Amino acid sequence: MLKTKNGKTLAALAALAILAAAAALISVLTDRRTADPGREVRVYLDGTLYATEHLGAPHELTVRGQNGEVNVIALDEEGVWMKSSTCHNQLCVHQGKVTYENYASRYYGTDIICLPNRVTVELVLRDGEQDPDAPDV
Ligand SMILES: [Zn+2]
């Protein structure tokens, strides 16, 4: 009796494992098809992920804070920049455009930071671009 029960349990576990593996594989394939992870931009508000955008055809994302703050983030196929902001110092606007070509020489690296409005824009690096200090090859 015990042997039979164990056999059934093992079969059930094996079936679950196969299902989990299939689900993981589908998830990976779907991600690859819909998003090139190397051309991704993540926007954070108050330290929480607000939106994920992708470089490509020129478009904009408007981030609205809880106290009426508005940041307009622009993207194109090369990079991302803060187009406008309601913050008092406009430092984020002056940080300019982040691209895969220039991030290593920027003060904030892959980020555009608006401290007054608590907005952070991050250009996500591709594999092999993790280290800003790595020499050009
Ligand atoms: Zn700002």
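Q: Which residues of strand 4 point to one face and are buried?
A: In this predicted model, the side chains of strand 4 (residues 70-75) alternate. A residue counts as buried if 20 or more other C-beta atoms lie within 10 Å of its own.

Q: Which residue of strand 5 stands opposite L75?
A: Strand 4 and strand 5 (residues 79-85) run antiparallel and are joined by five bridges. A hairpin of three residues connects the two strands. Within this pairing, the residue opposite L75 is V80.

Q: Which residue in the turn between strand 3 and strand 4 has a positive phi?
A: Strand 3 (residues 59-64) runs antiparallel to strand 4, with six bridges between them, and H59 stands opposite L75. The two strands form a hairpin with five residues between them. In that turn, the residue with a positive phi, of about 90°, is G68.

Q: What is the bridge partner of R42 in strand 8?
A: Strand 1 (residues 40-45) pairs with strand 8 (residues 119-123) in the antiparallel sense. Five bridges make up this pairing. Within strand 8, the partner of R42 is E122.

Conventions: Residues are numbered from 1 along each chain as its sequence is written. This is a predicted model: local features need pLDDT of at least 70, side-chain atom pairs count only at pLDDT 80 or more; totals for chains, interfaces and linings use all residues. Two strands pair if DSSP finds at least two bridges between them. Helices (H or I, at least four residues) and strands (E, at least two) are DSSP runs, numbered from the N terminus. A residue is buried if 20 or more other C-beta atoms lie within 10 Å of its own, exposed if 12 or fewer, and partly exposed in between; C-beta atoms are placed from the backbone.
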